[in-house]
Amino acid sequence: MNKRFGGIFPKLVIAFLAVIIPLFMLGLKMNRMGEESVRSEWNNSMNSRTVFYLNTLELEFRHILDMLSENINDADLSHLSVLSGIMSQYEWSETVKRVQEKLRLIGDSSLYAQNASVHLLTLGRTIHDTTGVSDTIDPAYEAVKPIEGADNPSMVAWHDRIFIRQLFPKGFVDPSYVLAVEINRSELKDMLANMANYGGAGAAIIDRAGQWFVTESGGAEDEGGVTKQLKAFLKQKEQAGAMNGLSGPMKLSGVDMQTACQYSVSLNAYLCLYIPQDQIFGKINSYRMLIWLLTGASILIVLLYSRWIFRAIHRPLREMIYSFRRVEDGRLEQVPMTKGNDEFRYLYLHFNRMVDHLKTLIHDNYEQKLRAKQAQIKQLQSQINPHFLYNTYFILYRLSEFGDLESIGRFSRYLGEYFEFITRHKEDTIPLELEVRHTLTYLEIQNMRFFNRFDIEVEPLSDDCRSIYVPKLVLQPIVENAFKYGLEPRVSGGVLRMAFKRTADRMLIDVEDNGEQLTDARLETLADKLKRTWAEDESTGMINVHRRLRLLCGEESGITVARGDGGGLKVTLAIQLEVQEKALTEGAATDKTA
């Protein structure tokens, strides 16, 4: 599998995802818009529901308060409070009955009124709407008793009981009597339960002053639960300046709730309704989860489908590309045929026919190419022998002028060894050991020519280099060039060095002189000529050797030039060992065929 990002498989996946992802994003956007719409509708519905029940409570409580206000100045209450001591027994009893009937009327006037009573402080008695007259003030008076220095509101709470009261006279801390109605908490709970008729929902009435509250599930036992959290929520909103229409999400006892609260000025309390968001957005959340599941399933399908297309199209195409690369590398191998009968089978069939045709063409032209190559090598090598012959005749001429018969004899012996090497070794390539030995003979000839005025330093040839085959007569032209352009102009102090080094894939031979006349311009010109090896101009010496090395030993073989440590020219001969060995094998096969 091609793991590059630019491969077909990633592109297929990206193309499919580019089509599918916008659709899923649109689905999520629609789901989000639906959720916001449902949230808005639920907020409006909860606020309307809360306002409706709050208005109902306010009307009921205002009605109770109005009833108390109407009866606070009742004549019977005034008579009992002030004239009770001078009233006859009959008058007193009749008056108490009338007061009790009025209290009963107040208690029956509202569903939320549990009982009504009047505390006659001047008599030290309490009259109830159901039980009649008590001998003492009822303990519940502590709930409605006015407190000095306080606001003394109409609605008060005491021991988890809620009362609405009216004082006579108003504003006095020590009134004559107090009319009171106890609110029926059970009815309030039923009202709250009807208000929160959803699974997991709840409702509560919370006094702003924090003195009392009522929930649909209980009373004081809820103080440490939801009610406490609602109080904190309302206090926070109140500090932020929001008194009416409080709604929004919040977490109650670890559950996400949608909350709607309304404030009543007359009750000085909040009515709150809270519903679990799962009840509101359950379906939408389910739809969102289904969308994500569909997204995951679609991506999986895209990957599997892309993988199938990748295997059906890209793998045969990849085999074809690999086959073309093998042909580029020179390996004419056929591609295995596919099992199907599709377009790829047609391509494979014609590709294999092309490979067979190439093999035939190569086989027909291979020997002709090798013969042409060998002929070119022979032609280049033939230019070297006359060049050296001209120089040796000139040396003999000079020695005969001096009449040095001993030197002439020794020179003739060296010359005989030289031409013996030329005539006996007909091969184009020879072991490096023979080439070095022949070059040393040539150095002896040159040393005699210049009367031993130069130092010649030749590094010993290591055992692993002796049997390496090199083109014949590659060192002599380089040494001859060093004498002609580097050492000959020097009167004394000339040095010629020759070193050998073998690496993993190449044989390197360095020939260096310390000539004084090498300029940067000449060095650059020589390097440029070596780069233009195959120019159609006459070439001898170093250029000739460079051509022969590249023909026989490969394109990476050849000559490079640089300035040596002594200031003269340093010539490096590089021979590719693997290509050189292959060329030798091909050359031997060509000789046998010829």
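Let's start with a cysteine: Cys553 is buried, with a relative accessible area of 1%. This is a predicted model, and its chain of 594 residues has 43% of them buried. The chain holds 16 helices and 18 strands, along with 1 disulfide.

**Cysteines**

- The disulfide joins Cys261 and Cys272, whose sulfur atoms lie 2.3 Å apart.
- Cys261 belongs to strand β10 (residues 255-264) and Cys272 to strand β11 (residues 269-276), so the pair ties together parts that are 11 residues apart in sequence.
- The S-S torsion of Cys261 and Cys272 is about 115 degrees, and the disulfide is therefore right-handed.
- Cys261 and Cys272 are both buried.
- Cys465 has a relative accessibility of 2%, so it counts as buried; the cut-off for that class is under 20%.

- Two residues to look at in the loop between β4 (155-158) and β5 are His159 and Asp160.
- His159 has a phi near 45 degrees, which is a positive value in a residue other than glycine.
- Is His159 buried or exposed? His159 is exposed, because its relative accessible area is 62% and the cut-off for exposed is over 50%.
- Asp160 also has a positive phi, at about 60 degrees, although Asp160 is not a glycine.
- With a relative accessibility of 42%, Asp160 counts as partly exposed.
- Further along, look for the cis peptide bond that joins Phe168 and Pro169, where omega is about -10 degrees.
- Where does Pro169 lie? You will find Pro169 in the loop between β5 (161-168) and β6 (177-183).

- The pairing of β13 with strand β15 (residues 494-502) is parallel and runs over 5 bridges.
- Which residue in β15 is the bridge partner of Glu457? The partner is Arg497.

**The chain in totals**

- Among the contacts in the chain with a separation of 6 or more, 63% are between residues 24 or more positions apart.
- The accessible surface of the chain comes to about 32,600 Å².
- Carbon and sulfur atoms account for 54% of that accessible surface.

Key:
Residues numbered from 1 in each chain as written. Predicted model: local features only at pLDDT ≥ 70, side-chain atom pairs only at ≥ 80, totals over all residues. Heavy atoms only, no water. Helix = DSSP H or I, 4+ residues; strand = E, 2+ residues; numbered from the N terminus. Buried < 20%, exposed > 50% of the residue type's maximum accessible area, 1.4 Å probe, protein only. Disulfide = S-S within 2.5 Å. Contact = heavy atoms within 4.5 Å. Areas by Shrake-Rupley, 256 points an atom, 1.4 Å probe, with all protein chains shown as cover. Pairing = 2+ DSSP bridges.
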